[in-house]
Amino acid sequence: MAFETTATIASFGGKLLKLAHNAKSTSCQMKLNLYLPPSASASKPAPVLFYLAGLTCTGDNGAEKGFFQHKASQHGIAIVYPDTSPRGLGIQGEDESYDFGSGAGFYVDATKDPWKHGYRMYTYITEELPHALFEHFKELDGKRVSITGHSMGGHGALTLFLKNPGKYKSVSAFAPITNPTKCPWGEKAFMGYFGEDQKQKWAEHDATELLPKFKGDTDILIDVGTGDNFYKQGQLLPENFEKAAKDSGKKVNVRYQDGYDHSYYFISTFAGDHVDHAAKYLLAQKR
């Protein structure tokens, strides 16, 4: 699958590529950003960290405001910044609200009409995009991959990690929606993408439900700002995830950062810690 490079931008000694490609799973052209550290080459491919963005975002938000590239350059880690949904499918209502449809794919494969025709971000992120990237860019090491994300993307990072043992070396998240079946954002999305009668399907994409069933050890880093209005409103529910971790004996480190909100000021402050967390695992066993 061919990628079109629409821009190449120097960043911390490496280069940020703005890419576009036609994706079968989403039935449209998808845009993304790819950061290649200065050490990456075909003879020395870089491990990869996927960053999944939140509601309303594109692949540009994390690349331009997340401040991940600084530490990624130092560690020799590549970063992939995908989009958050298909775009321009012409589905009635897809652009009517910020928390459903465009910019709000929730990293699931919809099963309900009309959304199942294109809103398949789970397949896109876990299968189609990495396969295409690793085939096209020999500077990337497809055997060493980690994942992180923010808000809806934090939900995506946690659930993709927990649903695919062994696919990702590590996972972390910023202000993730950890218990979507119990919060308004998740209920709206799962109602629309799966249907009210598919509660088992809802649970299959809920990190708090998945964690106790996960086979093996975990080392999950989560940051949440105490000044985050969405945390205060019960959209994120990290306390539910912590309880599930405690009850199941899983290692989860939820850090409550005093006064921080939900924005990229918060993300950029702690981005280095999350790249370091991924580096512990991505660099532990080199090819």
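Throughout these legends, contact means that heavy atoms lie within 4.5 Å. The structure is a predicted model, in which local features need pLDDT of at least 70 and side-chain atom pairs count only at pLDDT 80 or more, whereas totals for chains, interfaces and linings use all residues. Residues are numbered from 1 along each chain as its sequence is written, and side-chain values use heavy atoms, with hydrogens and water left out.

View 1. Helices (H or I, at least four residues) and strands (E, at least two) are DSSP runs, numbered from the N terminus. Not counting residues up to four places away in sequence, S25 touches G118, R120, T123, Y124 and E128. With E128 there is also a polar contact, from side chain to side chain, at 2.4 Å; the term denotes a pair of N or O atoms within 3.5 Å, of which, within protein, one must be able to donate a hydrogen and the other to accept it, and residues adjacent in sequence count only if both atoms are side-chain atoms. S25 has a relative accessible area of 4% and is therefore buried, where buried means under 20% relative accessible area, exposed over 50%, and partly exposed in between (1.4 Å probe, protein chains only).

**View 2. The antiparallel pairings of β2 with β1 (4-11) and with β3.** Two strands pair if DSSP finds at least two bridges between them. Seven bridges join β1 to β2, with T5 having L19 as its bridge partner in β2, and the hairpin formed by these strands has two residues between them, where F12 in the turn has a positive phi of about 50°. Nine bridges join β2 to β3, with H21 standing opposite M30 in β3, and in this second hairpin, which has four residues between the strands, S27 takes a positive phi near 60°. Eight of the ten residues of β2 are buried, so that the strand is mostly covered.

**View 3. The open sheet of three strands in the order β7-β8-β9, with parallel pairing.** Because β7 (172-174) and β9 stand at the edges with a single partner strand each, one side of each is left without a neighbour in the sheet. Neighbouring strands are turned by 10° against each other on average, direction ignored; axes are lines fitted to C-alpha atoms, for helices over the stretch in contact, and angles run from 0 to 180 degrees between N-to-C directions. Six bridges join β8 to β9, and L221 has N253 in β9 as its bridge partner. Helix α9 (238-248) lies across β8 and β9 and runs at about 150° to β9.

**View 4. The residues S151, D228 and H262, annotated as "active site" in an unreviewed UniProt entry.** The largest C-alpha distance is 11.0 Å, so these residues cluster in space although they are spread over 112 residues of sequence. UniProt positions are given in the numbering used here, feature names are shortened, and annotations may be inferred rather than shown by experiment. D228 lies in the loop between β8 (220-225) and α8 (229-232), and H262 in the loop between β9 (252-257) and α10 (264-282). D228 counts as buried because its relative accessibility is 0%, and H262 counts as buried at 13%. Leaving aside neighbours within four places in sequence, D228 touches A175, L236, Y260, D261 and H262, while H262 is in contact with H150, S151, A175, D228, F230 and L236.
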